[in-house]
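This report looks at a few parts of one protein model. Please look over the sequence and the structure before reading on.

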Amino acid sequence: MRFSQVLIPTLKETPAEAEVISHKLMLRAGLIRKLSSGIYNWLPLGLRVLRKVERIVRQEMDRAGAQELLMPAVQPGDLWRESGRWEHYGRELLRFKDRHDHDYCLAPTHEEVITDLVRREVRSYRDLPLNLYQIQTKFRDEIRPRFGVMRAREFLMKDAYSFDVDEETSAESYRIMQKAYRAAFQRLALKFSVVEADSGSIGGSFSHEFMVLAETGEDAIASCESCDYAANLEKAEVPAPQGQTPGPAQEKAQVATPGAHTVEEVARFLKVAPAAVAKTLIYLADGQPVAAMVRGDREANEIKLKNLTGAAELVLAAPSAIQEITGGPVGFSGPVGLAIPIYADQELYYSGALVVGANQADAHLSGVHLERDVPQAKRADLRQAAPGDPCPRCGGGLAFARGIEVGHTFRLGTKYSQALGAAYLDAEGQSKPIVMGCYGIGVSRIVAAAIEQGNDADGIIFPMPIAPVSVAVLPLDVEGQAMETAQAIYEDLWAAGVDALLDDRDLRPGVKFKDSDLLGVPFKVVIGKKGLKEGKAEFKRRAGGQTEMLDLKEAAALVAKMAKEAGAQSL
């Protein structure tokens with residue numbers, strides 16, 4: 001692979017459209033180019049990275065006993081209606097009609113199709129367990145595609161599905177997939193964490209996310225400093241306060257709070273702490289109003305509320321709806337006398353007296369005691385976890401980090417098999433629903449996540465296993481002995497099974513060095529006049545920048561050995 005013969009359109013300047021570092025560097029390194037909003041062309045070196053990720057994932061799936069197949073990207077709407085997701089999946093599902101006026105969609109996921117396939121082919125318990133997977137392009141019509149391939153509309157995904165006779169064997173299939181995922185991410189040489197997660201629109205009893213750790217990650221991860229508990233912010237549990245007792249009850253009273261809309265304004269006006277104020281937030285759950293209450297210095301967790309209500313869609317009510325529902329404007333909502341379902345965070349029950357909105361302009365109620373004044377409220381864990389909160393497992397402190405979701409595993413149970421009629425006959429001839437699991441890896445997302453985790457001021461720092469090439473061979477003179485020696489080392493590397501890029505361009509050395517660093521090539525071998533006189537080649541590692549001189553006669557063999565030890569793979 002010669003630089004002059006490969007499409008590698010590197011850029012000196014960052015395109016204005018790029019927001020996060022991975023998007024900036026993928027564009028600058030010539031790995032991708034935008035076709036449309038959230039849709040990208042993968043250029044030759046970018047595709048090499050993608051294929052290397054794909055190969056490792058495929059190898060670990062095969063090793064775990066999963067069988068590869070390929071399902072259509074276009075799916076009939078009737079299948080989605082059977083599962084109940086045609087209307088509930090949301091506008092991310094790109095729907096269209098064919099020439100016969102039949103409904104179809106572009107696949108965002110394949111639970112319906114795989115379940116339909118299995119219900120047609122599996123008859124007996126003897127056909128189970130079964131694990132099927134594919135690596136295929138998906139499409140989700142994101143409302144706001146951003147961050148390059150990190151949140152694209154079209155992306156490459158590995159999705160696997162397990163089918164078992166009961167929950168016990170399904171749990172074993174889940175354990176096998178968890179082990180395979182850990183092995184894959186270890187081979188990808190990424191720092192990652194496995195966290196408890198919400199199942200979202202996929203559904204099921206519980207799930208785990210695989211998060212690549214990066215300071216620029218879009219997701220917050222809560223992990224215990226004393227045990228192995230970890231969860232994303234959506235799922236992180238907050239236990240009820242221990243050893244605390246409510247303060248003394250007070251008489252409820254209405255107080256004027258002119259112009260005080262926010263918690264901070266109300267607390268300042270009434271000379272109380274924000275923790276003594278309870279926020280009452282009005283939502284529409286599948287179009288029906290519900291209220292959520294959390295302490296004034298806390299944030300409501302909308303995923304927890306959505307799960308409590310069982311709603312497919314949960315949105316904050318508009319100001320006009322709040323006025324109609326509560327009788328008061330935004331900023332003055334409260335639970336007393338409110339004739340809609342109310343969910344109150346458990347922490348509020350440890351306050352003897354609270355300040356809440358009075359459901360009328362410029363007024364609040366003080367001295368509110370939830371059990372006395374709002375007995376219809378349902379007590380729940382409703383707030384977002386925060387640093388220093390106790391671990392729900394051992395009571396230790398929670399610490400927070402940032403991460404990028406690159407994998408998700410789900411215990412689906414019989415959600416899809418019952419809806420679609422996927423059943424088997426047991427040993428006694430009784431029909432039973434198949435128990436399912438679902439396991440996804442964002443193959444294209446891993447590329448961006450790896451760059452978010454590995455970069456510096458000079459460009460990308462790829463882990464060896466997924467770098468576009470393992471070694472860049474840089475002759476500082478493209479004629480004479482320097483080029484001949486570089487050519488020989490380049491050919492020896494390929495012969496040894498290590499992919500290399502020969503920079504045969506007649507350009508200044510600085511340009512070659514900058515492009516090599518930008519591309520994230522892990523190893524560089526530099527051939528210059530001074531080294532040739534001494535019979536040496538300069539060897540440099542991209543990560544850390546360590547440099548050493550190698551004997552020319554042994555350079556190719558030594559570099560090949562080091563590359564393979566670092567996990568190099570050649571396509």
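Is R85 buried or exposed? R85 has a relative accessibility of 4%, and because buried means under 20%, R85 counts as buried. The model is a predicted one, and the values below are computed from it.

**Salt bridges**

The structure holds 41 salt bridges.

| Pair | Distance, N to O |
|---|---|
| E60 and R187 | 3.0 Å |
| R85 and E112 | 2.7 Å |
| K138 and D159 | 2.9 Å |

The side chains of E60 and R187 meet in a salt bridge. This pair links distant parts of the chain, with E60 in helix α2 (residues 44–63) and R187 in helix α5 (residues 167–187), 127 residues apart. E60 is buried at 6% relative accessibility, whereas R187 is partly exposed at 31%.

R85 and E112 also form a salt bridge through their side chains. R85 lies in the loop between α3 (77–83) and β5 (95–97) and E112 lies in helix α4, so this pair ties together parts that are 27 residues apart in sequence. E112 is buried, with a relative accessible area of 0%.

K138 and D159 meet in a salt bridge as well. K138 belongs to strand β7 (residues 130–139) and D159 to strand β8 (residues 154–164), and the two are 21 residues apart. Both K138 and D159 are buried.

**Helix α1**

Helix α1 covers residues 21–28, and six of its eight residues are buried, so this helix is largely enclosed by the rest of the structure. The buried residues are S22, H23, L25, M26, L27 and R28. Among the elements that cover them are β1 (32–36), β2 (39–42), α11 (443–453) and α13 (509–519). Just after α1, G30 takes a positive phi of about 70°.

**Two single residues**

T115 sits in helix α4 (residues 111–121) and is buried, at 0% relative accessibility. Apart from neighbours within four places in sequence, T115 is in contact with Y416, S417, L420, A422 and M436.

D219 is in strand β11 (residues 219–224) and is partly exposed, with a relative accessible area of 23%. Beyond its neighbours within four places in sequence, D219 has contacts with M211, A401, R402, G403 and E405. D219 and A401 are 182 residues apart along the chain, yet their C-alpha atoms are separated by 8.5 Å.

Conventions: Residues are numbered from 1 along each chain as its sequence is written. This is a predicted model: local features need pLDDT of at least 70, side-chain atom pairs count only at pLDDT 80 or more; totals for chains, interfaces and linings use all residues. Side-chain values use heavy atoms; hydrogens and water are left out. Buried means under 20% relative accessible area, exposed over 50%, partly exposed in between (1.4 Å probe, protein chains only). Helices (H or I, at least four residues) and strands (E, at least two) are DSSP runs, numbered from the N terminus. Contact means heavy atoms within 4.5 Å. A salt bridge is a side-chain nitrogen of Lys or Arg within 4 Å of a carboxyl oxygen of Asp or Glu.
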